[in-house]
Amino acid sequence: MSERKERAELLAALHAAGAASEEDEKELAALIEGDPGLERVVKDFEDSIAALASSFDPLETSARTLGKIKKQIAREKGGVLARVRSWFSKS
Amino acid sequence: MSSEPQVRDPEQIVAAMAAGDSGPALSAFYAQFAGMVLALLMKMLGSRAEAEEILQEVFVELWRRAPQYDPARGSVVAWVVTVARCRALDALRARSRRHKDRQTEYAEGDALVTEGGRPDVLVSSTRWHQALRQAFQRLNAEQRAVLELSYFQGMSHGQIADTLGLPVGTVKSRILAGMRSMRTMLPVIHRAMKAS
């Protein structure tokens, strides 16, 4: 593996593991611009760590929490939340 | 509440949420992911009360961000995990600001995933989950330790080096080696699951 590729893989791994510094992130972004195939490496690493993070035994949750979530969304629907969602959908 | 496996495609559910469905779609989404998110939050925060509070924030945020979700950029699970992790790290930072003198006790080599039961109510532990955890256990202790600190505690490679008393280069190498192993093992597990 070339030195450049190895560096790119290291930065992708640090990024996915949440250990990259700001400088690392900038360097990775620049490398991705020059080599879009690197995005695939980043995605593979992200999927791997996400799979691990989702592997803990699921815990019992309450319907009450879902009720609270729905209440909060209903409260915000049509208000600030609608504007935020509209902004996200445009961005 | 029931956490029986759902058959609806998560991407379709998110699309329905993006279109404004805060009824059946949100309920289905919660049924699929809340137990997993709560387990992750418990792992990171160690407090059930705090985890439940953040769980609520996470799902409101996921609903809010649903229009932004792009399947090309990652799976729904990865998206959910990323948002949950960010909120948990925010909570950890807020806690750390509140208790500046509190030192994180950490011994290199602590296992991320412990075997055996946990005191919380377990909903289900699928073979897929078990296989993933076993795969993680196959990483060596040093690799597990750095991934634990980076991903679940939100530490940069510099902070990990300070915490473990290691050169930064060693920390980076261990993260890369751990991530490479995880990336290699994932498709193997997928294939094994499909074959069985």
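Buried means under 20% relative accessible area, exposed over 50%, and partly exposed in between (1.4 Å probe, protein chains only). Keep that scale handy for this tour of salt bridges, each a side-chain nitrogen of Lys or Arg within 4 Å of a carboxyl oxygen of Asp or Glu.

Before you click, note that this is a predicted model, in which local features need pLDDT of at least 70 and side-chain atom pairs count only at pLDDT 80 or more, while totals for chains, interfaces and linings use all residues. Residues are numbered from 1 along each chain as its sequence is written, chains are lettered from A in the order in which they are written, and side-chain values use heavy atoms, leaving out hydrogens and water.

**Across the chains.** Select Glu9(A) and Arg180(B), whose side chains form a salt bridge at 2.7 Å, N to O. Glu9(A) sits in helix H1 (residues 3–17) of chain A and Arg180(B) in helix H8 (residues 168–195) of chain B, so this pair joins two chains. Helices here are DSSP runs (H or I, at least four residues), numbered from the N terminus. Glu9(A) is buried at 5% relative accessible area, whereas Arg180(B) is partly exposed at 30%.

**Within chain B.** Next, pick Lys43(B) and Glu148(B), which meet in a salt bridge of 3.4 Å, N to O. They link distant parts of the chain, 105 residues apart, from helix H2 (residues 24–45) to helix H6 (residues 141–152). Lys43(B) is partly exposed at 23%; Glu148(B) is buried at 6%.

**Last stop.** Select Glu61(B), Arg65(B), Arg87(B), Asp90(B) and Arg93(B) together to see a network of salt bridges. Over all chains, the whole structure holds 14 salt bridges.
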